[in-house]
Amino acid sequence: MTHDVTRRAPSRREKQAPAGRRRRSGRRFSRRDILVVAAMLAIPVLGDIAFIWGPAVVSIALSLFKWSGIGGLHARNCIAGGLFPDNGCFTGLGNYHEAATNYPPFWPAVQHNLIWLGVFVFIATPLGMFFAVLIDTGLRGSRVYQTVLFLPVMLSLALIGIIWEFFYSPNYGLINTVTGHNTNANLIDWLGDPSLNLWAVLVEASWRQAGYVMVLYLAGLKAVDANLKEAARIDGANAWQTFWRVTFPSMMPMNIVVAVVTVIESLRAFDLVYITNKGTNGLELLSALVTSNIVGETSRIGFGSAIGVVLLVISLVPISAFLYQMFVRKEAR
Amino acid sequence: MKRTPSNEDFQFSRRDALRGLAVTAGLVTVPGALAACSSSTSSSSSSSASTSSAGAGSSSASAATSGGTISFGSNYSDPAPKQAFAALVANAKQSTSVNITVNTVDHNTFQNDITSYLQGTPDDLATWFAGYRMQYFAAQGLLAPIDDVWDKIGTNFSDAVKSLCKGTDGHYYFVPIYNYPWVVFYNKSTFTQKGYTVPATWDDLMTLVKKMKSDGLIPFGFADKDQWPALGLFDILNMRINGFDYHIKLMHNQASYTDPQVTAVFTQWAELLPYMQSGAAGRIWQDGVKVLEAKQAGMMFQGTNQIGAQYVTDGKGLSDLGFFPFPAINPTYGQDYIDAPMDGFILPAKAKNKDAAKQVLEYIGSGAAEASYLKYDQWDVAVATGAQVPTYNSIQTASVQAMANLKGVAQFGDRDTAPPMATALETAILKFIANPATSGIKPMQASLASQAKSIFG
């Protein structure tokens, strides 16, 4: 999707006029056209319903029950006090109430998701843009820097988590060994100390995110007309002014892509915390709480679904804002 | 940039709308799919399973005479247990003339999938754990009772073992193969060198840890990154202070986490905590064992199954490794109880060839079968009464002695209670380790009690 935009950006302007004329001339659709259009609409819509809205709606329904994944669902209310948890009974909004009031990891998870988003928006992404701009100036060895900074993007997040564990390990890790904090008296427990580990993992995440944004942004920068920058330079603008007044505004489509990628990457954050400690002890994230309740023997499927729905609602906020912006701005023009 | 006619705007917005939709799709899938995937797999697999089990009746009837073939689902995926399991299966084939195919699955994956596995198309036999963790699935009707097997093998086992193999309905659902105790490990050379003696009581223990600390040792190696190791310490403190019956009541939601007994456990723990290795939350237990091996730590509380294997993996001789049961705290209970997790086998209710599977279980429920397994497994011990295992090493021999005169055996914190409750307790303990202030104990108990109410309710 993102590559599409960058590659097509210049060609769009060239092909616009003839395409418009052609469309206006062929007003009537034949029967075959209508069938083709109907099929092209129906298949994605069905796929959308089956794989996206269907599961989402099922999740919402499941979130109203207490269910271990064994047996069926019943309309009766839950009964307390057995040796085994009651199963398949209706709790209404009980799961949501439990999550908000009686589930210690819930509020830390919400907070950590927001911190994650904040670090990506204010640190990792600007850093990636900065790298891109630096490399785009063509400084010596820029290809080497480009490769080095892009390398983390080619690794899976799970692998990144494992690699960084070697750095962070308390007694045997690189960081503590080099800084001399590997004796038990002055140990720094990077991934175990709940006040440190979120930041330690955010370093891992930013390490990758910066490279990712850099590559996206670099592609956008290459597409910016060099004449614009040259003109700005001739008019006496310095590098800072050239970027903010000329380059940045002319890259609006790419800026939006980067913004969207940043939000997506921070809301879907999961792999790193799961690899590190399954999303517990200071690394709670909503996505990790969903899996920890649903996958495995814990099997609180209704409860996990409720947390999934909360994540869905949170995700809808930036999505709605983005769509609203897109549509409203176009209509207003 | 010049503004182009409205046509471009139309196209632009359509493209953006499509892009927006793709984004929406991507985001919605995350929570939606996470929440819905496991439920949909389990429900779809259960529907497919009902058809297969309907067709299974005929095959099991024909199997009774000829022995037949069964598949055996195994989570013994590490090299040593895998080899031991292969030996057991080979002997079972020979003695029962049932043909057995083994289906090995990584043990974490196996445990994570157990709910859908048992409801789907399970193997004819599967590896599992004794106690509540088995009783839970038996109560859901996912395991087949095997009372007829126990009619034949019952004499091989003590009453304590038998009760762990029964469901809450009194029927048998489990045949054990081995267990292993949770005890305090130490390096014999360190104790001789520094003149330490094995502590029998809490006071002895506190004297010892103070001495170790002044000698520059970490008294207790401690690692809790996986979160379950610390449950072992909770269990043993609870059993030492409040006894076995109370511990099981608490695990089974028949006592409350707000009880003063639980306060006593955490208060006692807080006394020991300054002598336990710091940074436990970020350390895996394998690294904890390394600290013990390197003689930087004086002791470590863990299962023999874990410590022994790690010790040998790192090329150390076993001769220096010793252990003792956790010291007595409350004289009423002394050292009468211990955590000794017991592993074994279940017969899924949806197994296709139950008769042949029961023949195999009959063989496994014998001292000879356990010995054939333990020939390759050097850390666990047989549970059959009077099993002769000539291949025992020093740790195994000591394990047998340590468990010979017990009055009660618990399984483990995550095997004796509902899994979500074990998770809640693990989370609370991690927090307690990071901040053991006495003011935090009461609020933690209140939170645990209200979570227990919600989980069991």
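This is a predicted model: local features need pLDDT of at least 70, side-chain atom pairs count only at pLDDT 80 or more; totals for chains, interfaces and linings use all residues.
In chain B, Gly73(B) stands opposite Ala126(B) in β3(B). Strand β1 of chain B covers residues 69-74, and strand β3 of chain B covers residues 125-129. The two run parallel and are joined by 2 bridges. Strands of a sheet pair through backbone hydrogen bonds, either parallel or antiparallel.

Now step back to the whole sheet. It has 5 strands in chain B, in the order β2-β1-β3-β10-β4. The sheet is open, and its pairing is mixed. Which strands stand at the edges? They are β2 (99-104) and β4 (174-179) of chain B. Each has a single partner strand, so one side of each is left without a neighbour in the sheet. Neighbouring strands here are turned by 30 degrees against each other on average, direction ignored.

A helix covers part of this sheet. Helix α3(B) lies across β1 and β2 of chain B. It runs at about 165 degrees to β2(B).

Follow α3(B) to a helix partner. Two packed helices are described by the angle between their axes and the distance between the axes. Helix α3 (residues 79-96) of chain B packs with helix α16 (residues 367-374) of chain B. Their angle is about 145 degrees, and their axes are 7 Å apart. The crossing of α3(B) past α16(B) is right-handed. Which residues meet there? From α3(B) come Ala84(B), Ala87(B), Leu88(B), Asn91(B) and Ala92(B). From α16(B) come Ala369(B), Ser372(B) and Tyr373(B). By class, this contact of α3(B) with α16(B) has 6 nonpolar residues, 2 polar residues and no charged ones.

Chain B holds another sheet to visit. In it, 4 strands follow the order β6-β7-β5-β8 (chain B). This sheet is open too, with mixed pairing. At its edges stand β6 (218-221) and β8 (321-324) of chain B. Each has a single partner strand, so one side of each lacks a neighbour in the sheet.

Look at one pairing in detail. Strand β5 (residues 182-187) of chain B and β8(B) run antiparallel, joined by 4 bridges. Tyr186(B) stands opposite Gly322(B) in β8(B).

Helices pack here as well. Helix α11 (residues 229-251) of chain B lies across β5 and β7 (297-303) of chain B. It runs at about 90 degrees to β7(B). Helix α13 (residues 285-293) of chain B also packs on the sheet, where it touches β5, β6 and β7 of chain B. The direction of α13 makes about 145 degrees with that of β7(B).

How is chain B divided? Domain 1 takes 63-180 + 342-403, and domain 2 takes 182-339 + 418-456. The C-alpha centres of these two domains of chain B lie 29 Å apart. Their contact takes 12 residues from domain 1 and 11 residues from domain 2. On the domain 1 side, the largest share is 6 residues from helix α17 (residues 394-404) of chain B. The residues on that side divide into 7 nonpolar, 4 polar and 1 charged.

Finally, turn to chain A. Its secondary structure comes to 14 helices and 2 strands. What is the radius of gyration of chain A? It is 25 Å, whereas a compact globule of 333 residues would have one near 20 Å. Along the principal axes, the C-alpha atoms of chain A fill a box of roughly 80 × 75 × 30 Å.

Methods
Residues are numbered from 1 along each chain as its sequence is written. Chains are lettered from A and ligands numbered from 1 in the order in which they are written. Two strands pair if DSSP finds at least two bridges between them. Two residues are in contact if their C-beta atoms, placed from the backbone, lie within 7 Å. Axes are lines fitted to C-alpha atoms, for helices over the stretch in contact, and angles run from 0 to 180 degrees between N-to-C directions. A crossing is left-handed if the near helix is turned anticlockwise from the far one by less than a right angle, and right-handed if clockwise. Ala, Val, Leu, Ile, Met, Phe, Trp, Tyr, Cys and Pro count as nonpolar, Asp, Glu, Lys and Arg as charged, and the others, Gly among them, as polar. Domain bounds come from an automatic or database domain assignment. The radius of gyration is taken over C-alpha atoms; the globule rule is 2.2 Å times the number of residues to the power 0.38.
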